[in-house]
Amino acid sequence: MKRKGNSELIFQALICFMLSVVFAYTLISGKASNYIHPRLFGFLWFAAGFLFVIGVVTLRYSSIPKHNAKPLKSILLVIPVLTALLIPTGAVQSQAISFGISTGNTRDSLTSQSSASSQDKGTVIPDTATSKDDIGIEVSSPSSNVPGEDENGVITVTDEQFASWYQDINENMKKYEGKTLKMKGQVFRMSTFGASEFVPARYAMVCCAADLQPCGVLCRSSAASQYQDGEWLWVTGEIKIENYQGQTMPVCYVTKIEKSEKAKQEYIYFTY
Amino acid sequence: MTQIEIICGFLESGKTTLIQNILEQEYMQQYRRIVIIQCEEGLTEFRAASMASKDVVLAQIEHPEKIRKGLFTKMKEELDPDLILIEYNGTWPIEQLLRVRLPSDYRIDRILFCAEASTFPMYIKNTGNMMLNQLGNADAVFLNRCSADTDTLKATVRSCNRTAKICFTDESVEHCTASILKPEEIQRAAGTLKRNRIGIARGLITLYLISIHFFLNAPPIVKSINMSFIGILMQAVPFLLIGALVSGLLQVFVSDETLVRMYTGHKWLGYPLAAVSGLFFPICDCGIIPITSRLTQKGVPLSKAMVFMLAAPSVNPVTIISTLYAFPGQPQYALYRVLLGSVIALLAGFILNVSHIRSEDVFLTFSAACSCSAVTANVQGSGKAAKFESVILIAGQEFFSMGKYIVIGAFVCSVLQQTIPVSSFRSTGSRIILPLILMLLAAFFMSVCSTSNAFIGRSFLNIFPITAVMGFIVMGPMLDLSNLLMLSSNFKKIFIVRLACTLLTIAFPVFLLFSVFSAGGKL
């Protein structure tokens with residue numbers, strides 16, 4: 001005489017608990033930042049909590065027997081739990097996500113489309129009114145977190161500054177023209193690049209791992225071919241503004257390349 | 001082994017006739033002793049030719065409390081039948097019987113639900129939980145004296161019970177009961193069941209071993225796919241849950257009349273209202289669909305509900321903010337998005353309204369009672385705690401029914417994203433039509449949430465003109481793979497195809513006009 005219950009609901013409650021635990025675990029262990037933008041963490045906490053509540057209530061009602069229960073009805077939802085736990089986290093760094101090396105360059109293509117948007121050219125910087133909505137650091141105001149020159153006239157971009165600097169250099173190219181920059185990134189190449197060209201890129205997440213895109217400034221160096229794709233480098237060089245394949249963009253003429261440690265954070269995060 | 005069959009349904013639903021028919025069957029001879037328990041007032045005498053030769057014991061129970069363990073143990077001691085037929089009272093909760101701990105070799109085999117076709121829809125509407133309980137647990141549903149329109153009846157049954165066998169004619173009922181009660185059939189079914197189970201178990205174990213091996217030694221591409229798969233899910237699940245929660249709140253706290261009156265109060269005002277009301281549902285497109293289904297189930301006219309569904313992702317405050325962030329310093333794009341979204345939604349609603357689609361062609365579950373009320377059927381009381389539990393239960397069920405589609409959508413999307421390089425779109429020229437088609441296709445397959453697609457759309461801007469990108473941003477949430485899959489849980493396929501075609505035919509001229517406006521209008 002076995003105890004009776006509703007296997008369908010028991011199974012669903014189990015899935016809720018599992019998902020809730022997976023979410024909470026990724027958040028606590030810090031792995032969540034590999035999957036989604038930190039600004040969505042609050043939502044994920046909500047999801048973990050709410051799923052737990054659903055699990056508890058569902059479990060409570062699972063003691064009412066159901067005759068024709070189909071416990072495997074919701075088995076599809078087990079798949080993400082399994083893959084999240086079993087497949088080791090890897091970097092999404094396939095060449096397939098080469099959206100283009102300049103995400104901030106939207107205006108350049110716009111100007112060729114409509115003259116209307118060229119009027120906006122001067123006012124592209126998101127102002128303080130919008131930056132209040134951010135959960136993260138206020139990167140929006142360019143002055144706050146953009147690297148400055150040191151005594152040797154070199155602008156060093158730290159790991160934390162990369163995102164805000166990248167937005168800044170694409171919006172105010174003139175500011176950097178002729179300056180010496182030191183930046184860190186992984187070697188990234190596209191099939192259209194010449195032999196001396198590469199980008200020391202960081203992968204930027206706008207929302208989740210599905211929209212990761214390499215970001216960086218195009219570099220020219222005769223030594224470029226010595227370095228493998230994906231290698232971490234400190235690259236120092238002088239910025240010039242050029243027209244490259246129809247886009248006006250900064251290009252770095254490299255003076256020095258050093259091998260470097262991996263950045264602490266896997267990805268950089270744009271906060272608008 | 002003693003087999004117990006439960007025959008339930010309201011008075012006059014043909015339960016007694018069914019038992020009478022069963023007893024008259026030839027194969028019933030093979031049972032040693034049959035006990036018939038009637039849970040109704042007034043004992044009906046069964047007369048059947050086959051009964052004379054064997055033991056048939058009739059028993060009567062007048063109170064649901066009497067159904068307990070003792071009843072069956074006593075029966076086992078005194079009568080030791082090998083078949084028990086229970087004619088169960090339609091007003092007693094079926095859990096009373098299911099909860100009983102039976103003697104070890106007693107087993108509840110099937111629950112058969114009888115109803116008279118003509119009164120069934122009315123009963124379903126008016127008796128609420130009592131009938132839903134029994135219907136939801138049934139293995140087979142027999143609808144007697146059925147005249148025409150079996151489709152509607154079928155849909156009504158399906159809304160409460162997706163798996164039951166439904167019989168409309170006497171022959172099919174006879175066939176069905178034979179498959180349940182004829183000893184040879186039972187043995188054969190048990191054989192196939194066993195074989196199937198062994199097969200499934202083997203398959204699962206092999207799949208498990210392969211996948212463990214595959215997972216642990218996953219090649220980079222699998223890791224990438226998994227990362228973006230989990231990423232999309234982690235991003236979508238919270239919004240889906242918010243949507244399910246709002247839907248549950250709507251179901252429990254907002255009366256049908258208020259909601260319907262809001263949209264039907266004025267003949268034409270309802271449309272702009274439907275378009276604007278998305279402002280108050282700050283959730284993404286995947287969360288809007290359960291709410292839309294709820295609205296239509298509550299009786300909001302289809303065209304208005306569709307306007308709401310199509311416009312909501314565009315006018316939703318979260319989306320507007322994300323669009324502002326995606327196009328920093330260019331608020332006109334957020335405005336374009338809101339305007340284009342509302343215009344397309346209103347046009348689609350207008351066309352739906354003019355084309356007079358019958359609601360039978362639209363809904364899978366054309367019924368006042370939806371599957372969700374079956375979930376809350378067991379919630380006792382009406383206090384705050386009970387309401388809270390109802391909301392959570394509904395949200396949970398919604399999450400599980402939509403969750404499947406999100407998982408499929410996220411999987412397809414991440415596989416496509418990781419295997420098809422975006423650079424393959426690059427070679428197309430700068431004309432409007434081809435980029436627009438490509439972007440609509442991309443939007444369709446990538447199924448990105450309306451709250452985040454502005455960012456992804458923006459990254460296409462250096463390849464495609466703004467019109468195509470606006471197409472991606474605006475049409476994506478209206479017409480994408482995961483949404484269509486989700487819609488298919490509530491709407492008929494033919495309607496979804498129609499909706500998709502309508503949207504496409506509206507979208508093209510609108511976006512061509514927009515491209516003329518944005519390129520030429522200001523020059």
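Colleague: What percentage of the 523 residues in chain B do buried residues make up?

Modeller: This is a predicted model. In chain B, buried residues make up 48% of the 523 residues.

Colleague: How many helices and strands does chain B have?

Modeller: Chain B has 22 helices and 7 strands. Of its contacts with a separation of 6 or more, 81% link residues 24 or more positions apart.

Colleague: What is the mean pLDDT of chain B?

Modeller: The mean is 78, and 82% of the residues of chain B reach 70 or more. Where pLDDT is low, the predicted coordinates should not be read in detail. In chain B, pLDDT is below 50 over residues 366–373. That stretch still has 24 contacts in the model, beyond near neighbours in sequence. The model as a whole scores ipTM 0.76 and pTM 0.75.

Colleague: Now the sheet. In what order do the 7 strands of chain B lie?

Modeller: Start with the general idea. Strands of a sheet pair through backbone hydrogen bonds, either parallel or antiparallel. In chain B the order is 3-2-4-1-5-6-7, the sheet is open, and the pairing is parallel.

Colleague: Which strands of chain B stand at the edges?

Modeller: Strand 3 (55–60) and strand 7 (165–167) of chain B do. Each has a single partner strand, so one side of each is left without a neighbour in the sheet. On average, neighbouring strands of this sheet are turned by 20° against each other, direction ignored.

Colleague: How many bridges join strand 2 of chain B to strand 3 of chain B?

Modeller: There are 6, and the two strands run parallel.

Colleague: Which strands does helix 1 of chain B lie across?

Modeller: Helix 1 (residues 15–24) of chain B lies across strands 1, 2, 4, 5 and 6 of chain B. Against strand 4 (83–87) of chain B, the helix runs at about 160°.

Colleague: Is helix 5 of chain B mostly covered or mostly exposed?

Modeller: Mostly covered. In helix 5 (residues 129–137) of chain B, 7 of the 9 residues are buried. Among them are Met131(B), Leu132(B) and Leu135(B), along with Asn133(B) and Gln134(B).

Colleague: Where is Asp139(B) found?

Modeller: Look in the loop between helix 5 and strand 6 of chain B.

Colleague: Why does Asp139(B) count as partly exposed?

Modeller: Count C-beta neighbours. Buried needs 20 or more within 10 Å. Asp139(B) has 19 inside 10 Å, so it counts as partly exposed.

Colleague: Which residues does Asp139(B) touch?

Modeller: Leaving out residues up to four places away in sequence, its contacts include Asn68(A), Arg110(B) and Ala164(B). Ala164(B) lies 25 residues from Asp139(B) along the chain, yet their C-alpha atoms are separated by 4.7 Å.

Colleague: Turn to chain A. Which domains does the assignment give?

Modeller: It gives domain 1 (7–86) and domain 2 (95–269). In chain A, 8 residues of domain 1 are in contact with 11 residues of domain 2. On the domain 1 side, helix 2 (residues 32–35) of chain A gives the largest share, 3 residues. By class, that side has 3 nonpolar, 4 polar and 1 charged residues.

Key:
Residues numbered from 1 in each chain as written. Chains lettered and ligands numbered in written order. Predicted model: local features only at pLDDT ≥ 70, side-chain atom pairs only at ≥ 80, totals over all residues. Domains from an automatic or database assignment. Contact = placed C-beta atoms within 7 Å. Helix = DSSP H or I, 4+ residues; strand = E, 2+ residues; numbered from the N terminus. Nonpolar A, V, L, I, M, F, W, Y, C, P; charged D, E, K, R; others polar. Buried ≥ 20, exposed ≤ 12 C-beta atoms within 10 Å, placed from the backbone. Pairing = 2+ DSSP bridges. Axes fitted to C-alpha atoms, helices over the stretch in contact; angles between N-to-C directions. pLDDT = per-residue confidence, 0-100.
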